[in-house]
Amino acid sequence: MTSERYNAREAEPKWQRVWEERELFRTRNDDPRPKYYVLEMFPYPSGRIHMGHVRNYAMGDVVARYKRARGFNVLHPMGWDAFGMPAENAAMANKVHPATWTYANIATMRSQLKSMGLSLDWHREIATCDPSYYKHQQRLFLDFMAAGLVDRKTAKVNWDPVDHTVLANEQVIDGRGWRSGAVVEQRELTQWFFKITDFAQELHDALDQLDRWPEKVRLMQRNWIGRSEGLMVRFALDSKTSPGGERELEIYTTRPDTLFGAKFLAIAPDHPLARATAAGNADLAAFIEECKRTGTAQEAIDKAEKKGFDTGIRARHPFDPAWELPVYVANFILMEYGTGAIFGCPAHDQRDLDFVNRYGLGNTPVVCPPDIAPEAFVVTDVAYDGDGRMINSRFLDGMTIAEAKEEVARRLESESVDGRPVGTRKVNFRLRDWGVSRQRYWGCPIPIIHCDSCGVVPVPKADLPVKLPEDVSFDLPGNPLDRHPTWKAVDCPQCGRAARRETDTMDTFVDSSWYYSRFTDPWLDEAPTDRAVVDHWLPVDQYIGGIEHAILHLLYSRFYTRAMRAAGHVGLDEPFRGLFTQGMVVHETYKGPDGAWVSPAEIRIEADGAERRATLLSSGEPVEIGGIEKMSKSKRNTVDPDDIIGTFGADTARWFMLSDSPPERDVIWTEEGVQGASRFVQRLWRLTGEIARVAGPVGAEAPATFTTEALAIRKAAHRALIRTEEDVERLRFNRCVAHAYELANALSAAIGAVTDDTDRDDLAFAFREAGEVLIQIVAPMMPHLAEECWLALGHTRLVADQPWPAADRALVVEDEITLPVQINGKKRADVTVSRTASSAEVEAAVMQLEAVQRALEGRPVRKFVVVPGRIVNVVV
RNA sequence: GGCCCCGUAGUCCAACGGCAGAGACAGGCGACUUAAAAUCGCUACAGUGUCGGUUCGAGUCCGACCGGGGCCA
């Protein structure tokens, strides 16, 4: 029966149907077995799945199937991050409603995912654009409001002029919108905010506990939160010089130690003092206008030339009333950071140094590097921000930076002006509150009503969900909700008078900040979560997704879990116990004779020795082979998972995505690699047939004794089993693949040695055992092929429903071991001793070796190193 | 500019501080075949980016540098 080729196209849908009919992957919340929650980041329904999805979901599926076999009650759900701009773009381009477009895409992608044979519980499928989901998101918004975690304030926002919407700072990359790529403008708008900064310290500190997260991601989040310890310092102003007789200016600094190196104070262009001064100074007003045009993105500010405008205001040094400092308005000071005012110490801050060098204010070094004499230390173009001892700083001289910081803080804290201390210690964060208002249609409506008499009124919970209207048009720019003829009109829930709905919808990152909680009980209608259920399932034991979400999605989710805890919807802080960020799928690029990108499907590659040449299939013209880059539509170097699954089958695609590269690194998609994976599928199928021929019956008793050949087969099987267990646990799937190859190679060789008259119980048992182990370690990776092989081995039960085989560790322990023998660290011989031999016995055996005696040439042994079970080193 | 990750056969990658090779791809030779594909067997190929240090012993640890990538500025 197994002489034919394995036909994935027939077998895969067949097994998918069997799994579905038996509801094998349906997870019950009341299952008493220990829980395991494995989750891959849910996809945006863009239209079709891509190879990145295949890699991501193949990895998650290996973990899910493995844990299921190990006796866990596994939760492995799937859903759709279904709100967002592309649906509206499609609506504008093709006159199709966003909902129609989105649900059509979901249908396509669902069937694509199903063709991958993933062990998902589709009963729990959710789409964030469905009112049954966003109803609870609106409820959460209201609960967060009640818990004091929602704010409405006027803020300078990043405005995307193409998408006509506001973007969070995190969504602005290099001064451009993360989705549209348009240069972002600054606008003042009243916006809704989640007070993520309330948790800044906690989000920062808890990173230390996330020991199953990649260090890289924790570091990125730590940088993003940007905790810094500093000092607020009130500088006295000469009120004769200030526009309204202001008497002080409060600044924030993280370097109070450099206070004696101060050369100027600088305030942000939109600082109140700057505005007040500009009112009577047209030149300054013009300068402030100019600053606004450069934008406030950190990137733009860092690249822009450091410019300032002397306000004429003079400040006094806090330690020396006679020391006067000029106050500038400077384009590199942000109102949003600290107090929007700083003191400049040019010798130790590059931006300040660039500034003084432009305006001729000079610099005084106050921190001297350890290996330079203080009088020889001069700063010209490069600021010194390293360690050292204080100089030119009066009472601070000779101190370390840390000591000086402490001393300045101590003195200024105890000094009092107008009944308040001059200096106050302050922990500052770079993290800003999360602006969630978006002026778009295809998002979760913010459940708020604006009433002329009552102000901002929450929609009563009984009235949720606030549903999106269906009759909308996209032929004009701006927000369709805002210009809808009737949707906005609503009576105020408090006074009953005519009022207006909030027309902003929520940032789609809100949708993905709690979906993992909803998966635990997606049927629940009366609340977002059932506390008993959600607390049982969370945290997610293993979360798998792309590194591109290292900051935004993961930080928002960590905040959201805390906010949900505050509102009583979950009982924990950290949603993701284990996080894994997988690498990208990359592919060669090709350029045709006209310089345009050509897709891999349009070319033929010929190898002539080491030379590889590509030609166009259509015309035979030469094609230039370019660099290996992330698969993207613009470079046309994508491979469609449908094509691969249609040609080779899902198992081949999954196997190749897991083999070769370690999962956290990029994997190069190559035609040869797919061919290789496909060959292994066929080879495993043939091998299974051969094993079935020589294997003993299912469930046979183990013979009392085994011959050397049989024992060798058993050892190979159990070694592969043990290593696969270790490597699945550590998500090293490329090694799991290698173990399967190794065992298959060993079994092929063993079967080759079997002759027709071999008829021995021990060999038959060993072949059955090893064959079953091979299929079972392959099963999480290639589940369809494994079912077919399992059947061929005479089983009636599904391999997907089979407990993981028990590894016999005693089998892989050798009684006799062969140790390499080194002389002065170079290998010279081998010695075979009993596994339990003492060091003295090993030493005795080694000294008898002829090779050792020859190498010693009569010299005495200086040292004898025996590493038990590993190696022997003789030092002469 | 700072921090982090990665540099091992032609390629992708393995190797608790202990014999540099688990596995794959590509290559070469052979078997099967009228021939080819498929399949099977055999096989060459690196001393681990460079320089120094620690150690009985370094791909692995430490320092400096070179190259590639990432994050922050």
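This is a predicted model: local features need pLDDT of at least 70, side-chain atom pairs count only at pLDDT 80 or more; totals for chains, interfaces and linings use all residues.
Author: Residues are numbered from 1 along each chain as its sequence is written, chains are lettered from A and ligands numbered from 1 in the order in which they are written, and side-chain values use heavy atoms, with hydrogens and water left out.

Reader: What makes up the secondary structure of chain A, and what share of the residues is buried?

Author: Chain A comes to 25 helices and 39 strands; helices (H or I, at least four residues) and strands (E, at least two) are DSSP runs numbered from the N terminus. Of its 876 residues, 54% are buried, where buried means under 20% relative accessible area, exposed over 50% and partly exposed in between, with a 1.4 Å probe and protein chains only. The C-alpha atoms fill a box of roughly 110 × 90 × 65 Å along the principal axes.

Reader: Why is C789 called buried, and why is C454 called partly exposed?

Author: C789 has a relative accessible area of 0% and is therefore buried. C454 has 27%, so it is partly exposed.

Reader: Why does A532 count as exposed?

Author: A532 has a relative accessibility of 59% and therefore counts as exposed. A532 is found in helix α15, residues 531-537. A532 and G571 are 39 residues apart in sequence and 9.3 Å apart in space, C-alpha to C-alpha.

Reader: What makes β37 and β38 edge strands?

Author: Four strands form an open sheet in the order β37-β36-β39-β38, with mixed pairing. The strands β37 (826-834) and β38 (863-867) each pair on one side only. Two strands pair if DSSP finds at least two bridges between them; β38 and β39 (residues 871-875) have five bridges, in the antiparallel sense, and so meet that criterion. One of the bridge partners in β39 is V875, the partner of K863.

Reader: Which helix lies across this sheet, and at what angle to β38 does it run?

Author: Helix α24 (residues 839-848) lies across β36 (816-823), β37, β38 and β39, running at about 120° to β38. Axes are lines fitted to C-alpha atoms, for helices over the stretch in contact (heavy atoms within 4.5 Å), and angles run from 0 to 180 degrees between N-to-C directions.

Reader: What makes the side-chain approach of N873 to RNA strand B a polar contact?

Author: A polar side-chain atom of N873 lies 2.4 Å from a base oxygen of RNA strand B. A polar contact is a pair of N or O atoms within 3.5 Å, so this pair qualifies. For E742, the distance to a sugar or linking oxygen is 2.7 Å, and for D660 the distance to a base nitrogen is 3.3 Å.

Reader: How many residues surround RNA strand B, and which element gives the largest share of the surface near it?

Author: RNA strand B is surrounded by 33 residues, a residue being near if one of its heavy atoms lies within 4 Å. The largest share, six residues, comes from α21.

Note on methods:
A polar contact is a pair of N or O atoms within 3.5 Å; within protein, one must be able to donate a hydrogen and the other to accept it, and residues adjacent in sequence count only if both atoms are side-chain atoms.
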